[in-house]
Amino acid sequence: MRHTRRQWIVTHEWMVKPMQQTDWIQREGLLIWLTEVFGSLGTGLYLVSIFVNNWWGALIGWLIVMGIKLPIHLIYLGKPTRFWRALPPFTKAWRTSWIARGFFFTVLFSGFGFFQLLIGFISMSNGQSAGEMGALAGLDIALRILGGFTAILTAIYTGFMMSSLKSVPFWNTGLLPIVIINAGIADGLALVIGIGLYTGGVDIPTLEAVTRILLLVNILLIGTYLLNSTYRSDTAKFSAKELLAGGVAVHFWAGIILCGILIPLVISLLGYFVGEVSHSVLIFAIITHTIGAFALKYCILKVGIYQPLLSNGSAKK
């Protein structure tokens with residue numbers, strides 16, 4: 001009788017109070033967080049690298065997705081040896097499941113990216129540019145387009161997956177995929193600058209200028225996202241408060257704002273107004289920017305709060 005009464009109380013609280021989701025941020029749910037982070041870092045690095053024609057950056061980005069993101073995804077799905085069952089035509093789950101779609105996008109990216117890197121390697125080995133390789137030049141362009149497109153799908157599907165969840169109002173907005181893809185490209189720019197310090201062949205001042213723009217856009221997007229959440233529902237507003245002044249505030253202000261935006265932006269502006277900064281300072285900026293990438297995904301997942309089943313006009317605990 002006591003157990004029954006206690007169970008009714010828990011169920012009742014879940015029905016009338018906002019409850020934090022834990023499936024994607026606690027225990028094995030941390031794998032989702034890591035999948036999102038490494039997927040964003042790897043695809044962002046690959047995209048920027050094929051655009052600036054840095055083969056090493058594209059290789060490292062592809063390896064991050066294949067060697068870290070994809071295995072973690074498989075572990076989270078369970079029974080990794082049966083991964084083929086998540087792919088068309090062996091399943092129809094892709095019609096309704098964004099996780100299944102994301103896995104499929106990642107597999108496509110692995111194939112297109114591999115062959116694009118292979119052609120790039122042949123080109124480097126022969127001392128030729130891709131455009132000087134005759135028949136392979138057209139194939140290289142096609143694979144860059146397909147690799148880049150599937151990289152974007154791999155990077156952005158988590159944003160669509162989360163924004164489709166009406167039960168979590170803070171995520172349920174079309175702004176979320178935009179925030180994620182912008183952050184991923186900014187992450188890729190930071191990493192390719194770091195790679196360019198050692199491999200050469202990268203126009204670092206130009207990439208720094210683009211990075212400054214993306215960091216400012218990131219501030220605008222995050223601010224708009226938080227402001228918009230305060231008007232959507234009481235639960236979304238409660239999530240925003242948790243992010244700004246609640247239990248996740250330290251991760252938000254220290255991880256996203258300070259490490260992910262302000263420090264890289266100040267160092268980039270310093271280089272613009274004062275002159276070229278040292279490699280060690282640039283590396284420090286890249287490290288803090290990458291910390292911000294981890295913090296951004298963590299904070300978004302951590303403040304995912306379920307809308308109460310029965311509205312009581314308040315989102316307060």
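Which helix is P177 found in? P177 sits in helix α6, and at 2% relative accessibility P177 counts as buried, where buried means under 20% relative accessible area, exposed means over 50%, and partly exposed is in between (1.4 Å probe, protein chains only). Along the chain, P177 and G159 are 18 residues apart, yet their C-alpha atoms are separated by 4.1 Å. The model here is a predicted one, in which local features need pLDDT of at least 70 and side-chain atom pairs count only at pLDDT 80 or more, while totals for chains, interfaces and linings use all residues. Residues are numbered from 1 along each chain as its sequence is written, and side-chain values use heavy atoms, with hydrogens and water left out.

Now for the overall layout. The protein has 10 helices and 2 strands, taken as DSSP runs numbered from the N terminus (helices: H or I, at least four residues; strands: E, at least two). Going along the sequence, the pattern reads α-β-α-α-α-α-α-α-α-α-α-β. Of the 317 residues in the protein, 50% are buried.

On the outside, there is a nonpolar patch made of W56, F114, F115, L118, F121, I122, M124, L136 and L139, and together these have about 820 Å² of accessible area. Patches are built from residues with over 30% relative accessible area and no salt bridge, joining nonpolar side chains (Val, Leu, Ile, Met, Phe, Trp, Tyr) within 5 Å and like charges within 9 Å. The areas come from the Shrake-Rupley method with a 1.4 Å probe, and for residues only the protein chains shown count as cover. Helices α4 (98-125) and α5 (135-163) each supply at least two residues of the patch, with α4 giving the most, 6 residues.

Side chains of opposite charge can pair when their charged atoms come close. The structure holds 1 salt bridge, meaning a side-chain nitrogen of Lys or Arg within 4 Å of a carboxyl oxygen of Asp or Glu. R144 forms a salt bridge with D140, and the closest N and O atoms are 2.8 Å apart. Both R144 and D140 lie in helix α5, 4 residues apart, or about one turn of the helix. At 3% relative accessibility, D140 counts as buried.

Inside the protein, the count comes to 5 cavities of 30 Å³ or more. A cavity is a set of points, on a 1 Å grid over the protein atoms alone, where a 1.4 Å probe fits but cannot get out; lining residues have an atom within 4 Å of a point. The largest cavity has a volume of about 140 Å³, and its lining includes A190, E208, P264 and H289. Helices α6 (175-199), α7 (204-232), α9 (249-274) and α10 (279-302) each supply at least two residues of that lining, and the largest share, 4 residues, comes from α10. By class, the lining has 7 nonpolar, 3 polar and 1 charged residues.

Finally, K237 is placed in helix α8 (residues 234-245). At 34% relative accessibility, K237 counts as partly exposed. K237 and P169 are 68 residues apart in sequence and 8.9 Å apart in space, C-alpha to C-alpha.

How values were computed
On a 1 Å grid over the protein atoms alone, a cavity is a set of points where a 1.4 Å probe fits but cannot get out, and a pocket is an open set with protein on both sides within 12 Å along at least five of seven lines; lining residues have an atom within 4 Å of a point. Grid points are joined across faces, edges and corners, and a volume is the space filled by probe spheres set on the points. Ala, Val, Leu, Ile, Met, Phe, Trp, Tyr, Cys and Pro count as nonpolar, Asp, Glu, Lys and Arg as charged, and the others, Gly among them, as polar.
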